[in-house]
Amino acid sequence: MDLNLFRYRWDGDKYQLHYTVGSVSPYAAIRDWIRAGLDLHFRKDHRVLETIISIFFILGSLVSTLAGASTEYQAINCRKHSAVLTDFGGVGDGKTPNTKAFKAAIAELSQYASDGGAQLIVPPGRWLTGSFNLSSHFTLFLHKDAVLLASQDEAEWPAFPPLPSYGVGRDEHAGRFSSLIFGTHLTDVVVTGNNGTIDGQGAVWWDKFHQKKLKLTRPYLIEFLYSDQVQISNLTLINSPSWNVHPTYCSNVLIQWLTILAPVDSPNTDGINPDSSSNVRIEDSFVVSGDDCIAVKSGWDEYGIKFGRPTQHLVIRRFTCISPDSATIALGSEMSGGIQDVRAEDITALGTQSGVRIKTAVGRGAYVKDIFVRRMTLKTMKYAFWMTGSYGSHPDTGYDPKALPEIKRISYKDIVAENVTYSARLEGIENDPFTGICISNVNISLTQKPMELQWNCTDIQGVSSKVTPQPCSALPEKSIECPFPEDRLPIDDVKLQTCSASG
């Protein structure tokens, strides 16, 4: 791999990276660069982190360039009717508000829901907008040179009550702002493009959060509630005020080819958070985040228990994460509706706090069970494995201290981790142990200054096989291979159509 293909120079306050186009495919270059196994100390040399992020930006640009003027895209359904935002008075100068244009366009096009559906094309430009709601049998398509700019005017964001499975807002108890792209009780809705960009302009929201000036919970970028047949794909999402993608109470959700970027110190900028949703597929995406890259959720304490809707039948594959202070994939901590049948494979984490982390606490109730992980590559990590039974944030004092979570049948296999500080921190709950943990075929190489105690295990039970360094006594060596399901979930059989985004 010729690292001279990537050249970067200091530009006053950051490094600007340039890709030298040659005979090497950019895809192969990125792949080989990651696989090179460089000993990356992200915390000590943020220039390296800037370089990696810039490479992925450039890769996205190259993909768009290779696509040229093509208007074809892949979607769960094509649309019979089509319109362009400018047909409804949209102005892409980065200054003119376009909320009314989006709402007018969607209202007009929604009449075609029963006649082959409709798509709204966002052409090249910088389109300032507040929150707007999509409709059923509808596609929002962003041209590769289109940028949606989220308004920083709170008046452009309607106020909603808290989600019923949470009971209160996550930032402020009173409620929450609507998400930028939103919809509820929809069927067959697509948000896609040729790698168009959605810029949440989150800095002003992060400042309000830190200064405790918020009256409601910050908005997310894309959120659907109570919806079926949802596709979110081929987009770049940057600088979200809070979470980026949040399908909630949904089914049959396809999330592909997303690039999600936020400063690694930005608050709660989770990448993709499937929440009380079933039959979900997340694949071929890259996230740099100030929080968990993926966080699987299902409600908070007594509210989640009462609502009782799990996240289940979730597939995550070919996914890359950078998050120095959080997890590649988190299960919880809001898991009071239950989490079951999660299958994660071919996962890469670089300079990230942990691989797959289970977060729960007394009062959560419900369960996290039948979790299967294989083929993870972890480089420069604090923890390879992390389970926490004392993640103690609660919505209020009304939680039930007798509501204990059930954590069982957790399987990890075929994992390589390099430059790791702490192999495993596995902490169950007293009198409520985490059981059925299986870890096999794992090789962890340590940093130059590792923790003396590499496996810290309390209130857990399980087995291990062919794991280095040697696990704790709660995971005795057995001649086994940890399981991973070989059957296919229904979401795996969803076939995409080739559609046209011509106006």
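Biologist: Hi! Let's start with cysteine 293 and cysteine 321: are they buried or exposed?

Modeller: Hi! Cysteine 293 and cysteine 321 are both buried. Bear in mind that this is a predicted model.

Biologist: Noted. What do cysteine 293 and cysteine 321 form, and how far apart are their sulfur atoms?

Modeller: They form a disulfide, with the sulfur atoms 2.1 Å apart. The angle about the S-S bond is 75°, and this link is right-handed. The pair joins distant parts of the chain, 28 residues apart: cysteine 293 is in the loop between strand S20 (278–288) and strand S21 (294–296), while cysteine 321 is in strand S22 (residues 311–322).

Biologist: How many disulfides does the structure hold?

Modeller: There are four. Counting bonded cysteines along the chain, the pattern is 1-8, 2-3, 4-7, 5-6.

Biologist: Tell me about cysteine 78 and cysteine 499. Which hand does their disulfide have, and why?

Modeller: The torsion about their S-S bond is about -85°, so this disulfide is left-handed. Cysteine 78 sits in the loop between strand S3 (72–75) and strand S4 (81–84), and cysteine 499 in strand S31 (residues 497–500), so the bond ties together parts that are 421 residues apart in sequence. Their sulfur atoms are 2.1 Å apart.

Biologist: And why does cysteine 78 count as partly exposed?

Modeller: Because its relative accessibility is 27%, and buried would need a value under 20%. Cysteine 499, at 3%, counts as buried.

Biologist: What about cysteine 457 and cysteine 472: is their disulfide left-handed or right-handed?

Modeller: Left-handed, because the torsion about the S-S bond is about -90°. This pair also links distant parts of the chain, with cysteine 457 in strand S29 (residues 455–458) and cysteine 472 in the loop between strand S30 (460–468) and S31, 15 residues apart. Cysteine 472 has 13% relative accessibility, so it counts as buried.

Biologist: Is cysteine 250 buried or exposed?

Modeller: Cysteine 250 is buried, with a relative accessible area of 0%.

Biologist: Changing topic to helix H3: which of its residues are buried?

Modeller: H3 covers residues 99–109, and its buried residues are Thr99, Ala101, Phe102, Ala105, Ile106 and Leu109. They span an arc of only 165° around the axis, which means they lie on the same side of H3.

Biologist: Why would residues three or four places apart point the same way?

Modeller: An α-helix has 3.6 residues a turn, so residues with that spacing point the same way.

Biologist: Which exposed residues does the face of H3 turned away from the buried side carry?

Modeller: That face carries Lys100 and Ala107.

Technical notes:
Residues numbered from 1 in each chain as written. Predicted model: local features only at pLDDT ≥ 70, side-chain atom pairs only at ≥ 80, totals over all residues. Heavy atoms only, no water. Buried < 20%, exposed > 50% of the residue type's maximum accessible area, 1.4 Å probe, protein only. Helix = DSSP H or I, 4+ residues; strand = E, 2+ residues; numbered from the N terminus. Arc of directions from axis to C-beta. Disulfide = S-S within 2.5 Å.
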